[in-house]
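Here's a quick briefing to read alongside the model. Have the sequence and the 3D view open as you go.

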Amino acid sequence: MGRSDSQKTPQEPLGSGFGHYAAASEVVSGVDLSGTAAVVTGGYSGLGLETVRALAGAGAAVTVPARRAEHARGVLEEAGLGGVHVFDMDLGDQASVKRFAADYLDSGQRLDLLVNNAAIMACPETRVGPGWEAQFGTNHLGHYTLANLLWPLLADGGARVVALSSTGHKRSGIHFDDPQFTRGYDKWEAYGQAKTANSLFAVWLDELGAGDGVRAFAVNPGGIMTGLQRHLTQEEMVAAGWMDASGKLRDGFKTPEQGAATSVWAGTSPQLDGRGGVYCEDCDIARPTDPSSELARFMGVDPHAVDPGPARRLWELSAELTGVNAFG
Ligand SMILES: NC(=O)c1ccc[n+]([C@@H]2O[C@H](COP(=O)([O-])OP(=O)(O)OC[C@H]3O[C@@H](n4cnc5c(N)ncnc54)[C@H](O)[C@@H]3O)[C@@H](O)[C@H]2O)c1
């Protein structure tokens, strides 16, 4: 298990040929995923729903673990995706994650792709589980436990794991001295920590899993208006530079179907065979952030989000907090 440094995938683009606005359906056009199975968290709204649509459209059997399963079933049926399996799961509740993982393992299904897509963003200070900061507890620790408990199936299938990160990672590394923000809460710093955690999780899972053929990728989907912004006022979105005062989005925003493209690409592209542990955007491996570029706020990956040192330390912290570690 594990790899030597010389086998690491460089954080450099491959030239996938898909542009910024490629749609998820284009990425799987002509691709046959029948006989494969995927789990997509939060796969009934925003990017998750479009990820499910693309994967199921290409023939994959898709399961959506959902906090509101009845609601999720209704949405999926209305979207013409009634064949998608839906289970209950609240990522902020470790017992619920464990129940879902046990149910999935019992279901006899295989697992070729896990998309850790669900998240909350910039919420008011909230605690989950034993007092964990909600964005860290939900976006990172929930998915950490889910992937570790599904590890036997991931390893069986030589699966890929896709972890949704964000340009939000640029806002913060991991606060190893106070990961739960007990000394003062900042909603963007907490989202930044959680999205850095999603990326570092992919880096270290890839390190641990590559020997068993399991490869992991972090994905920045780009900017897309979805339910994720529910905790923000229009003034805050203007201040963030996402829209002008009239509410018009800045250039570069994507539709949800375009926003799902990089998740689908990272989960299925043969170009990534034998690679992993990298941060992707616009259907390619992202470049490291170029500080001289005007787009540096929105594009590229900051070194702290792909650094194996904190990635390993975060894994150890997560194992200690959750009591779960498939590699312990
Ligand atoms: N929309 C953007 O501009 C953007 C930008 C960068 C990254 N992302 C990332 O993309 C992913 C998808 O976001 P989206 O924009 O589609 O948002 P969304 O709000 O439409 O979807 C998030 C999903 O997560 C689910 N979820 C939230 N809390 C949960 C919990 N406790 N248990 C189970 N499920 C839970 C929600 O029910 C929802 O289905 C997120 O990881 C987000 O951080 C989005």
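Glycine 323 sits in the segment after helix H11 (308-322); helices (H or I, at least four residues) and strands (E, at least two) are DSSP runs, numbered from the N terminus. This is a predicted model, where local features need pLDDT of at least 70 and side-chain atom pairs count only at pLDDT 80 or more, while totals for chains, interfaces and linings use all residues. Residues are numbered from 1 along each chain as its sequence is written.

**Glycine 323**
- Glycine 323 is exposed, with 9 other C-beta atoms within 10 Å. The cut-offs: buried takes 20 or more other C-beta atoms within 10 Å of a residue's own, exposed 12 or fewer, and partly exposed is in between, with C-beta atoms placed from the backbone.

**Around the ligand**
- The ligand has 26 residues around it, and Gly42, Gly46, Ala118, Ala119 and Ser166 come nearest. A residue counts as near if its C-beta atom, placed from the backbone, lies within 6 Å of the molecule.
- By class, the shell splits into twelve nonpolar, twelve polar and two charged residues. Here Ala, Val, Leu, Ile, Met, Phe, Trp, Tyr, Cys and Pro are nonpolar, Asp, Glu, Lys and Arg are charged, and the others, Gly among them, are polar.
- Helix H2 (residues 46-57) gives the most to this shell, with three residues.

**Helix H2**
- Eleven of the twelve residues in H2 are buried, including Gly46, Glu50 and Arg53.
- Those buried residues pack against several elements, among them helix H1 (24-27), strand E1 (37-40) and helix H10 (261-268); contact means C-beta atoms, placed from the backbone, within 7 Å.
- At 1.5 Å a residue, H2 should span 16 Å, and its end C-alpha atoms are 17 Å apart, which agrees. The expected span is 1.5 Å times one less than the number of residues.
- After H2 comes glycine 59, with a positive phi near 105°.

**The sheet**
- Eight strands form an open sheet with mixed pairing, in the order E3-E2-E1-E4-E7-E8-E9-E10. Strands pair if DSSP finds at least two bridges between them.
- Strand E3 (85-88) and strand E10 (284-285) are at the edges with a single partner strand each, so one side of each has no neighbour in the sheet.
- E10 runs antiparallel to strand E9 (residues 278-281), joined by two bridges, and glutamate 281 stands opposite aspartate 284 in E10.

Terms used: Two residues are in contact if their C-beta atoms, placed from the backbone, lie within 7 Å.
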